[in-house]
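This report goes through selected local features of the structure shown below.

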Amino acid sequence: MNVMQPIDRIRGGVHEKERHESGHKHVTGTAEYIDDMPEPAGTLHAYLGLSERAHAEILSIDFDAVKTAPGVIGILTAADIPGENDVSPAHKHDDPVFATGMVEFHGQPIFAVIAETRDEARRAAAKVKIEYRDLPHVTDVLEAAAANYPLVIDPLKLERGDIAAGFARAKNIVEGEMRIGGQDHFYLEGHISFAIPGEDDEITVHSSTQHPSETQHMVGQVLGVPANAVTINVRRMGGAFGGKETQANLFAAVAALAAKKYRCAVKIRPDRDDDMTATGKRHDFHVGYKVGFDDDGRIEAVDAVFSARCGFSADLSGPVTDRALFHADNCYFYPHVRLRSRPLKTNTVSNTAFRGFGGPQGMVGGERMIEDVAYALGKDPLEIRKLNFYGGEGRDLTPYHQAVEDNIIGRIIEELETSCDYAARRDEVLAFNQRSSVIKRGIALTPVKFGISFTKTEYNQAGALVHVYSDGSIHLNHGGTEMGQGLYTKVAQVVADEFQVDLHRIKVTATTTGKVPNTSATAASSGSDLNGMAAANAAQQIKARLVTFAAERWGVSENDVAFEPNTVRVGIERIAFSEFIKLAYGSRIQLSAAGFYKTPKIHWNRSEGRGRPFFYYAYGASCSEVSVDTLTGEYQVERTDVLHDVGKSLNPALDIGQVEGAFVQGMGWLTTEELWWDAKGRLRTHAPSTYKIPLASDRPRIFNVKLAEWSVNREETIRRSKAVGEPPFMLPISVLEAISMAAASVAGYRIAPRIDAPATPERVLLCLERLQRAAKNG
Amino acid sequence: MTVDIRNTIRFLLNHRLVELSSVSPVQTLLDFLRLDRNLRGTKEGCAEGDCGACTVLVGRLLDGRLKYESVNACIRFVGSLDGCHVVTVDCLAAPGGPLHPVQQAMVDTHASQCGFCTPGFVMSLYGLWMENPKPSVTEIEKALQGNLCRCTGYAAIIRAAEAVSVIGDLNKDPLVLEREKISKQLEGLKDGKRVVVGDGAERFVLPASVNDLAEIYEAEPKARIVAGSTDVGLWVTKFMRDISPVVHLSHLDELRSISVDETSMTLGAGVSYTQAYPLVTKHFPQLTELWDRIGGQQVRNMGTIGGNIANGSPIGDTPPALIALGASVVLRKGKRRRTVPLESFFIEYGKQDRHPGEFVEAVRIPFLNENARCAVYKITKRLDEDISAVCGAFRLTFDGNGKVSDAVIAYGGMAGTPKRAENAEAALNGAEWTDDTVETAMEALGADYTPLSDWRASADYRLLVAKNLLRRFYLETQGDQPVRLDRKRAV
């Protein structure tokens with residue numbers, strides 16, 4: 001046995017800027033997505049037939065031309081479903097796989113064609129003749145309210161203090177409204193499922209899903225088989241962003257149905273246009289608000305209603321609209337507050353999860369109120385923000401009665417304000433606008449506070465499975481899914497750190513319901529928090545057995561056994577890790593463990609609007625400067641500075657990537673990404689030719705992104721890190737506000753511009769016209 | 001005329017020669033790669049040439065030089081590839097071997113997250129690097145206009161593109177090293193024959209020459225002429241339209257000629273935007289920004305001027321500018337040619353002055369009179385790779401005494417065709433070039449156009465911005481104050 005010199009540290013441990021575990025496969029095209037998997041001989045292809053009406057009775061369906069089309073094997077309708085015709089994640093039974101009798105949105109699936117090739121299935125599906133009787137339809141949220149459309153789920157009310165008294169005391173009151181557009185996920189890999197039938201009732205589905213366990217249950221529900229007959233696998237997704245949290249269920253169910261019916265492998269992959277038409281998006285919101293404040297701009301009372309376009313079914317609209325309310329305060333203390341949600345049904349596709357999950361819409365509404373206060377008082381909005389931050393005596397309670405205990409927004413803002421030279425640059429912008437008549441500039445610095453944890457408390461649990469093989473290589477599996485965020489890399493870094501072995505010893509394998517059961521969606525930014533902890537727990541169980549083994553075998557105290565870089569130290573002896581594992585195996589030590597984690601401290605009583613829904617908060621801030629062309633409404637982001645809090649980062653390179661990516665994605669949401677329905681209720685922006693997500697040339701011309709390196713999560717999270725997926729998505733609110741300031745310049749900054757989102761060049765120009773008219777008349 | 005006929009297409013795919021005698025006229029390169037050849041590194045993101053996930057390089061001999069260009073495999077028909085070299089991501093690095101410098105740079109800078117768009121970015125950057133080993137950030141962005149990434153926010157990808165210049169050695173690049181060999185192979189594939197694959201309606205043809213094209217098309221006027229397939233490709237992938245029989249122009253070097261005389265420039269209908277770029281922007285620097293913003297790089301590499309005109313779209317990129325410049329189009333049927341002013345070529349929505357069997361052979365653009373000023377403004381929701389909400393093109397000639405002697409104004413996106421603004425022109429002709437005159441002309445635009453509302457813009461915005469573009473043009477002739485955003489990227 002060798003006495004080895006320890007090296008100072010392992011390669012690829014936590015807090016290292018480790019590369020994405022699939023990076024080399026991404027760039028060579030060898031990273032396998034579901035559509036790249038080899039198909040077994042005889043694989044069939046399914047394609048959906050979609051409704052061509054927004055709201056109508058189906059009078060008759062003529063499949064003759066479909067059946068006789070080349071390559072067609074068969075047709076699936078609701079009648080072919082042995083279990084339940086429902087994939088509602090809210091268990092409301094309002095989300096049919098196939099519509100029957102009535103369609104409730106344009107693009108709703110009615111049937112599927114099964115054919116020998118995808119092209120044949122797709123062409124055949126287009127040949128159906130459906131007779132409809134049109135019913136009145138509503139696509140817009142305010143029209144839905146006016147038409148007395150129902151709510152898809154019970155609304156939420158958050159209330160604290162006495163708003164009547166608050167408004168009575170307020171010297172100033174502003175009322176306003178804002179429309180906030182939705183957003184298509186535009187994951188580059190569209191939805192796809194590939195089902196392979198097994199023996200008896202068994203079925204395996206490769207699904208591009210963020211929530212394998214739910215997909216498993218939904219497939220089971222549709223097939224009428226128990227969960228133990230269904231296995232869902234997902235190695236990686238080509239982007240998801242919430243769009244594959246519930247929306248994958250439909251495709252998995254259809255593929256599974258067809259696979260069981262025709263006893264062969266079946267793949268389904270909609271064309272991009274159909275994917276965008278038939279699957280849910282970020283909720284559009286209308287916010288009506290009233291805010292009372294004193295002459296300094298200190299808020300006294302807030303009363304706001306957040307109405308959301310939920311689409312035809314509940315899906316996740318309940319928790320989404322809840323989260324909007326949870327973030328309407330952002331970083332600000334409202335002494336008296338009432339926030340209400342109105343999750344309205346509409347004849348549109350059922351809206352769903354999307355990065356931030358309603359939080360961004362809530363926060364945009366909250367920041368709009370701050371902006372209104374600032375313009376009412378003729379002050380820099382940043383001054384109003386600072387005045388209203390949580391903190392100080394009796395000023396730490398949120399509208400949902402959770403105390404903000406980890407507030408670091410003051411330091412973040414102070415550092416960013418200094419590093420980006422905000423004050424001087426704002427003066428410069430004001431001076432520029434004095435001398436430039438066509439091009440105007442604007443600058444804004446906005447904060448973010450985002451609550452971390454699923455508000456559905458039971459989702460805050462995770463499992464992991466770690467095997468150490470007798471050659472010392474390690475196999476890691478956990479319930480989280482990889483969609484590009486680098487979760488597999490981070491969790492592997494945690495396991496490497498636990499065992500103190502180089503990262504390359506660890507192989508992360510595809511997420512599968514067969515290895516780790518009852519998992520939660522990889523969502524709510526929780527992936528590394530939950531799965532990192534579960535994996536650490538599994539590793540610790542194995543380590544504990546190994547320590548006991550070593551202490552017994554070498555006759556030392558357990559305290560004298562330590563995992564050091566790629567070695568295990570027993571007393572004064574150092575044994576190579578693989579050698580040590582071989583010995584442990586020889587002594588019949590169990591080298592496999594299932595880990596588990598549940599988030600502590602959290603609880604939430606929705607009916608009372610009270611509790612601690614969040615384990616902690618993640619913070620950040622950004623400052624953006626824009627130029628606006630007042631003749632056309634075109635604009636560009638000249639510079640953005642970001643300072644973002646990820647606690648003690650598990651992997652700074654991946655976290656910077658998340659922050660940069662979220663910023664640009666959020667900027668797209670607030671600027672050029674516009675969902676547009678026509679009078680017939682058809683979504684007309686359903687492909688990249690019509691729906692414009694940011695390009696490389698849209699990113700800020702100067703883009704300085706930094707992590708708050710001093711931050712350490714005060715809660716005991718995995719290695720004191722913080723979640724990063726969603727919080728930075730709200731940083732680009734500074735872009736919207738900077739555009740707003742540039743616009744305000746044409747009316748002497750006296751009128752709040754109130755540009756709705758997304759601030760397309762059209763909305764900006766029409767706002768400029770409005771402001772110029774108002775300035776002339778006023 | 002008798003021509004020899006070949007009934008197969010032949011092209012190089014990575015390291016192999018492919019010869020196909022049976023291939024559908026609507027077979028896309030992407031499906032061929034993924035389904036027929038099991039080369040699954042190239043991804044389908046949108047199937048309409050807008051996301052770039054399917055980007056591959058296509059090498060072809062242009063003026064005797066082998067040039068590789070990025071193209072969208074999703075809307076490129078296999079039939080058009082005869083005589084080309086198709087390079088996919090699968091062959092950039094040998095299995096287990098070192099990564100290509102572009103790939104290595106992407107890995108080093110954390111430029112992939114979900115990885116689905118990544119092969120397309122790699123190929124776009126590879127295409128850029130081969131042509132321009134030390135690109136500026138603006139040039140990198142231009143090369144990436146046709147590549148969407150939803151994860152990274154692009155910053156890391158730009159860092160990768162910059163890093164390639166440092167870590168890569170073009171002289172060691174396999175395609176560069178093999179340039180001569182491949183050129184010879186491609187030269188050998190050129191046999192001057194007409195290519196006909198398939199029969200009946202399920203058939204595509206690559207004419208041997210322009211004369212051959214004229215003969216084929218006159219005889220079969222219902223055939224579909226396909227040049228860059230940047231629009232017709234979508235008829236197949238999105239609308240599942242039957243476009244057979246197809247006549248591909250990809251063999252016709254004659255249609256790719258550009259000639260310049262003392263008074264004008266003539267572009268063959270098959271000239272791609274990329275090919276036209278150096279000469280167009282040299283002789284018409286006012287078109288530079290427009291040209292930089294046509295589609296993405298892949299679309300500019302595929303799409304042709306002739307296709308943009310013949311297509312007849314009211315929101316095509318080049319027609320408003322070409323109309324304002326007084327361009328004319330050469331139409332050919334059989335052996336007969338006629339020349340019509342471009343503006344009268346567009347009759348109404350979906351209808352052009354093109355007879356059955358007649359095709360666009362060339363477009364002639366007269367040079368600007370020295371007393372003329374010209375500008376073209378494209379207004380879109382997103383700056384790059386977007387279709388015009390409104391495109392305004394202005395050519396005003398001044399008499400030397402402060403008066404407008406000739407105003408030509410054309411807009412796209414304002415009517416069913418790219419259309420002149422007759423009332424606004426009338427308000428300007430003979431008038432003093434002043435603020436008041438411009439105001440009057442702006443108002444007159446209201447009589448010229450009744451635009452539509454759609455997802456790109458409302459009618460109100462279209463008319464308002466159309467008016468304001470005339471003001472922008474006026475202000476640009478006036479002073480030194482900036483009246484447009486400075487699109488050049490700060491360092």
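## Surroundings of Gly83(B)

Beyond its neighbours within four places in sequence, Gly83(B) contacts Phe11(B), Arg60(B), Leu186(B), Leu189(B), Lys190(B) and His251(B). These contacts belong to a predicted model. Gly83(B) sits in the loop that runs from strand E5 (65-72) to strand E6 (85-87) of chain B.

Is Gly83(B) buried or exposed? Gly83(B) counts as buried because it has 22 C-beta neighbours inside 10 Å, and the cut-off for buried is 20 or more. Asn171(B), 88 residues away in sequence, is 25 Å from Gly83(B) in space, C-alpha to C-alpha.

## Confidence

For chain B the average pLDDT is 96, and 99% of the residues score at least 70. For the complex, the predictor gives an ipTM of 0.97 and a pTM of 0.98.

## Contact between the chains

The contact between the chains draws on 70 residues of chain A and 68 residues of chain B. On the side of chain A that touches chain B, at least two residues each come from helix H1 (23-28), helix H8 (272-278), strand E27 (616-629), helix H17 (652-670), strand E29 (702-707) and helix H19 (761-777) of chain A. Which of the elements gives the most to this side? H17(A) does, with eight residues. By class, the residues on this side of chain A are 27 nonpolar, 26 polar and 17 charged.

One helix pair spans the two chains: the axes of H19(A) and helix H18 (residues 459-478) of chain B come within 10 Å and cross at roughly 70°. H19(A) is therefore roughly perpendicular to H18(B). Glu762(A), Leu765(A) and Leu766(A) of H19(A) make this contact with Tyr461(B), Leu464(B) and Val465(B) of H18(B). Five of the residues in the contact of H19(A) with H18(B) are nonpolar, none is polar and one is charged.

## Helix packing within chain A

H19(A) also packs against a helix of its own chain. The axes of helix H18 (residues 733-744) of chain A and H19(A) come within 9 Å, crossing at roughly 35°. The crossing of H18(A) and H19(A) is right-handed.

From H18(A), the residues in contact are Ile739(A), Ala743(A) and Ala744(A); from H19(A), they are Val764(A), Cys767(A), Leu768(A) and Leu771(A). This contact of H18(A) with H19(A) has seven nonpolar residues, with no polar and no charged ones.

## Helix packing within chain B

In chain B, the axes of helix H2 (residues 101-108) and helix H3 (residues 118-131) come within 9 Å and cross at roughly 125°. At that angle H2(B) is oblique to H3(B). The crossing of H2(B) and H3(B) is right-handed. Val102(B), Gln103(B) and Met106(B) of H2(B) meet Thr118(B), Val122(B), Leu125(B), Tyr126(B) and Trp129(B) of H3(B). The contact of H2(B) with H3(B) comprises six nonpolar and two polar residues, and no charged ones.

Helix H8 (residues 210-219) of chain B has Val210(B), Asp212(B), Leu213(B), Ala214(B), Ile216(B) and Tyr217(B) as its buried residues. Among the elements that cover the buried residues of H8(B) are strand E7 (194-199), strand E8 (202-206), strand E9 (224-226), strand E10 (246-248), strand E13 (328-333) and strand E17 (359-366) of chain B.

## Backbone geometry

Most residues other than glycine have a negative phi, and most peptide bonds are trans. The following are exceptions to check in the viewer. The peptide bond from Ala757(A) to Pro758(A) is cis, with omega near 0°, and Pro758(A) lies in the loop between H18 and H19 of chain A. In chain B, Ser244(B) and Pro245(B) are joined by a cis peptide bond with omega about -10°. Pro245(B) is in the loop between helix H9 (232-237) and E10 of chain B.

His15(A), in the segment before H1 of chain A, has a positive phi, near 70°. With 15 other C-beta atoms within 10 Å, His15(A) is partly exposed. Phe241(A) also has a positive phi, near 60°. Phe241(A) lies in the loop between strand E11 (230-234) and helix H7 (248-262) of chain A, and is buried, with 31 other C-beta atoms within 10 Å.

Technical notes:
Residues numbered from 1 in each chain as written. Chains lettered and ligands numbered in written order. Predicted model: local features only at pLDDT ≥ 70, side-chain atom pairs only at ≥ 80, totals over all residues. Helix = DSSP H or I, 4+ residues; strand = E, 2+ residues; numbered from the N terminus. Buried ≥ 20, exposed ≤ 12 C-beta atoms within 10 Å, placed from the backbone. Contact = placed C-beta atoms within 7 Å. pLDDT = per-residue confidence, 0-100. Nonpolar A, V, L, I, M, F, W, Y, C, P; charged D, E, K, R; others polar. Axes fitted to C-alpha atoms, helices over the stretch in contact; angles between N-to-C directions. Parallel < 35°, antiparallel > 145°, perpendicular 65-115°, else oblique. Left-handed = near helix turned anticlockwise from the far one by under 90°.
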